[in-house]
Amino acid sequence: MSTTASNPTRSRGKAPAGEKLADWADGRLGIYSLAKANMRKIFPDHWSFMLGEVCLYSFLIIILTGVYLTLFFHPSMNEVVYHGSYVPLQGQLMSEAFNSTLHISFEVRGGLLIRQIHHWAALVFLAGMFVHMMRVFFTGAFRKPREVNWLFGFLLFVLGMFTGFTGYSLPDDLLSGTGVRFMEGAILSVPIIGTYISFFLFGGEFPGHDFVARFYSIHILLLPGIMLGLVVGHLILVFYHKHTQFAGPGKTNNNVVGMPLLPVYMAKAGGFFFLVFGAIAAIAAIAQINPIWAIGPYRPDQVSTGAQPDWYMGMAEGLIRAMPGWEINFWGHTLVLGVFIPLVLFGVVLIAIALYPFIEAWVTGDKREHHILDRPRNAPTRTAFGAAWIAWYFVLLVGGGNDLWATHFHLSINAITWFVRIAFFVVPVLTFIVTKRICLSLQRRDRDKVLHGRESGIIKRLPHGEFIEVHEPLSQEQLYTLTAHHQYEPVEIGPTVDENGVERKVKGTEKLRAKLSRAYYGEGNQIAKPTVEEYKEITSGHGHH
Amino acid sequence: MKKLSARRRHPLAAVVVLLLALAATGGLYTAFAPASKAKADESAQSLTIEEGKKLYEVGCASCHGAGGQGTTDGPSLVGVGAAAVDFQVGTGRMPAQQPGAQVPRKKVIYTQAEIDQLAAYIASLGAGPSVPTKNQYSPEGADIAKGGELFRTNCAQCHNFTGKGGALTHGKFAPDLEGVQPKHIYEAMQTGPQNMPSFPDTVMPEKAKKDIIGYLNAVNSDQTKNPGGLELGGLGPVSEGLFAWIFGLGALVVVAVWVAARTAKAKKS
């Protein structure tokens with residue numbers, strides 16, 4: 001009653017069409033309150049925070065191009081004779097899957113480009129996730145409250161690997177068929193149930209007539225569906241937790257300093273999408289990927305050298321190639337350790353990655369929330385673990401591509417394999433030690449800079465003849481940035497005997513935790529950051545520095 | 001005729017007449033000269049073998065022995081045939097520079113005539129496969145698709161899908177087949193040089209060899225039509241992965257740094 005009598009908006013004339021549309025939508029979807037809550041959401045600016053965006057956008061590109069490819073791909077293993085335009089295969093028998101992939105590559109308008117964008121984007125997607133995960137790991141962004149999001153991201157990476165693998169297998173070419181055969185071998189190596197799983201998966205003996213159709217629904221429906229859900233969950237959690245930021249003046253554990261989602265971040269992110277799409281499309285237009293016409297159709301009796309999986313499965317390939325071909329025979333059964341041990345290791349490594357945030361939280365016993373990122377040097381043991389893992393991963397990639405290392409560097413493939421076998425154990429340890437030392441020396445340097453200032457390079461001669469280098473004191477902002485991090489104390493087991501002389505039972509896990517804690521934060525494993533007293537004493541006293 | 005007679009005192013007239021006269025004599029000579037090929041007889045053949053033996057003694061005997069019987073440094077050449085010599089010497093593999101896991105292809109130092117002489121000498125030591133004729137190895141008339149199937153069945157294990165080569169044990173390798181003459185590919189299949197198994201006609205008939213050569217000519221030569229852009233060596237996922245990391249992710253990181261460095265100025269309020 002009160003509003004209709006003297007409506008002030010009416011007097012200003014009709015509302016513009018956009019406002020009307022927005023009102024209409026708000027009445028049904030409640031977008032105003034959503035926008036109010038989220039439009040001013042702040043995102044900090046740092047290039048490494050955009051690695052996740054690279055993954056998100058390449059995922060979108062994969063979905064878009066994938067939809068186009070499904071329009072022309074026939075997921076069938078029926079045998080047909082090729083009559084298409086690629087002469088060196090004319091008259092050959094091949095599956096319909098291979099035939100339709102050739103059709104996409106040669107006859108469908110834009111088909112080859114879309115195929116190449118799809119495949120290149122998949123490689124970039126996985127590489128992006130790898131680097132994004134490393135960023136999160138080395139800066140400690142996985143700590144409370146973000147452990148669940150680490151798990152989401154981890155699952156995305158693993159599912160991405162398997163989505164990639166099933167997609168790579170779809171064209172039913174000689175290369176991917178060899179890869180599927182490899183996978184079948186790995187499954188068969190599992191004691192007792194392996195054979196059953198293999199028969200179930202392939203609908204009988206390998207290769208059968210089913211796996212392309214089955215991989216197809218796994219590749220386009222099951223795994224991407226789960227991944228899409230995980231991506232949404234991942235993003236909701238990023239919104240909910242708010243983004244982390246690096247330490248700096250004005251940045252605390254309780255605020256986020258950066259640009260608002262609308263309009264700045266939205267414009268940047270939107271623009272970045274097109275940049276990512278453009279870059280991947282350019283690569284796909286410049287460089288060939290998986291030329292199945294040159295590779296030929298799959299036949300179980302044929303195999304080629306240089307048969308490797310896409311890079312993200314290179315670790316598994318390396319494990320298999322480096323592993324000696326051990327096997328145990330008893331009572332007419334064979335246990336193929338040469339394949340089964342790599343398979344187990346592959347799983348163990350993945351699980352270790354998933355669990356790391358929980359392990360570190362257990363060691364530190366820290367229950368607080370962390371929204372300020374660590375500089376890698378300030379967490380030497382964690383950084384050393386990460387670097388050791390990357391080195392180990394690289395060793396396995398060398399193992400996975402040992403034949404190409406042999407031909408391109410004129411080496412013996414046997415020597416490379418032996419190198420990988422030894423480096424598998426030695427390189428991570430060496431990398432761990434070296435990285436930790438580098439981190440500690442960087443911490444010492446930070447301490448030095450805080451206490452004595454920056455070396456200016458100016459040499460001054462004093463009246464009595466002494467030469468000194470002038471050190472410039474750091475600004476307040478720099479001092480804050482270098483000393484903002486928290487340093488943990490190692491966990492103590494505490495007295496094992498109470499005041500009455502009664503012995504307390506110390507559990508094994510407690511001992512392990514104290515040991516690990518000492519390794520992380522004990523003496524010699526971190527450099528104490530300068531205290532205010534130290535700083536005051538040095539800067540106020542003899543001022544020659 | 002008038003035109004011709006008007007120019008008979010042209011300064012170049014004498015040159016033209018001379019050229020015509022030379023062409024006529026030369027042409028007549030070629031037409032009527034006795035065919036020398038028909039005369040190729042026992043004596044020419046034995047002369048070639050003589051020459052070949054001389055070349056052998058200088059370039060090969062130190063490893064293969066004075067009579068081609070072989071030593072600890074080189075295998076016996078009795079019965080390897082002319083095709084083996086034509087392949088090994090014609091691709092520069094022989095004479096070997098140094099012992100090693102495998103003798104690589106290098107610059108050819110003998111002329112084809114000398115190679116033929118060497119081949120004739122080695123062939124005289126014992127029966128073996130002879131150098132194939134152009135008709136046998138020419139890729140013309142080959143069934144390319146059939147050749148591809150044969151290649152993937154018999155050759156790809158070592159030479160890769162399209163003949164890009166691959167690694168073998170202990171530093172040995174199967175070489176890239178790009179730019180290898182059809183004749184040499186044929187001879188390699190026939191004689192099985194170094195670490196390669198041989199595929200005699202009983203195992204792989206003449207026609208099959210021709211098909212394989214036709215396939216290689218279609219997929220791994222300068223006439224190959226390979227759509228989709230840069231081949232990245234044709235080595236499969238390893239080179240593709242490297243490219244994706246360096247140029248794919250690398251480019252995107254550069255773009256991300258660029259975008260992050262350009263930020264809106266906060267309004268002072």
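Predicted model: local features only at pLDDT ≥ 70, side-chain atom pairs only at ≥ 80, totals over all residues.
Glu369(A) touches Lys144(A), Pro145(A) and Asn253(A), leaving aside residues up to four places away in sequence. Where does Glu369(A) sit? Glu369(A) lies in the loop between helix H15 (337-364) and strand S8 (372-373) of chain A. A buried residue would need 20 or more, and an exposed one 12 or fewer. Now look at Asn254(A). In sequence, Glu369(A) and Asn254(A) are 115 residues apart. In space, their C-alpha atoms are 9.7 Å apart.

Stay in chain A and move to strand S9 (residues 454-461). S9(A) is hardly covered. Of its eight residues, the count that are buried is zero. Which strand does S9(A) pair with? Its partner is strand S10 (residues 467-472) of chain A. The two strands run antiparallel, and six bridges join them. Within this pair, Glu455(A) stands opposite His471(A) in S10(A). Together, S9(A) and S10(A) make a hairpin, with five residues between the strands. In that turn, Gly465(A) has a positive phi of about 105°.

Next comes the core. In soluble globular proteins, nonpolar side chains tend to be buried together. Here the largest nonpolar core has 160 residues. Which of them touch the most other members? They are Trp120(A), Val124(A) and Ile280(A). Helix H7 (residues 111-138) of chain A gives the most to this core, with 16 residues. Chain B takes part too: at least three residues come from each of its domain 1 (43-125) and domain 2 (134-219). In chain A, Val124(A) touches Ser58(A) and Ile280(A). In chain B, Val124(A) touches Ala244(B), Gly248(B), Leu249(B) and Leu252(B). Residues up to four places away in sequence are not counted here.

Step back to see how the two chains meet. The contact takes 51 residues from chain B and 60 residues from chain A. On the chain B side, the elements that give two or more residues include helix H8 (144-154), strand S1 (166-167) and helix H11 (206-219). Which element of chain B gives the most? H12(B) does, with 17 residues. By class, this side of chain B has 29 nonpolar, 18 polar and four charged residues.

Now follow chain B itself. Chain B has 12 helices and two strands. Along the sequence, the pattern is α-α-α-α-α-α-α-α-α-β-β-α-α-α. A compact globule of 269 residues would have a radius of gyration near 18 Å, but chain B has 29 Å. Of the 269 residues of chain B, 37% count as buried. Among contacts in chain B between residues at least 6 apart in sequence, 67% join residues at least 24 apart.

Last, the domains. Chain B is divided into domain 1 (43-125) and domain 2 (134-219). Their C-alpha centres lie 23 Å apart. How many residues does each domain give to the contact between them? Domain 1 of chain B gives 13 residues, and domain 2 of chain B gives 13 residues. On the domain 1 side, these divide into six nonpolar, five polar and two charged.

Key:
Residues numbered from 1 in each chain as written. Chains lettered and ligands numbered in written order. Domains from an automatic or database assignment. Contact = placed C-beta atoms within 7 Å. Nonpolar A, V, L, I, M, F, W, Y, C, P; charged D, E, K, R; others polar. Core = buried A, V, L, I, M, F, W, Y, C linked by C-beta atoms within 7 Å. Buried ≥ 20, exposed ≤ 12 C-beta atoms within 10 Å, placed from the backbone. Helix = DSSP H or I, 4+ residues; strand = E, 2+ residues; numbered from the N terminus. Pairing = 2+ DSSP bridges. Rg over C-alpha atoms; globule rule 2.2 N^0.38 Å.
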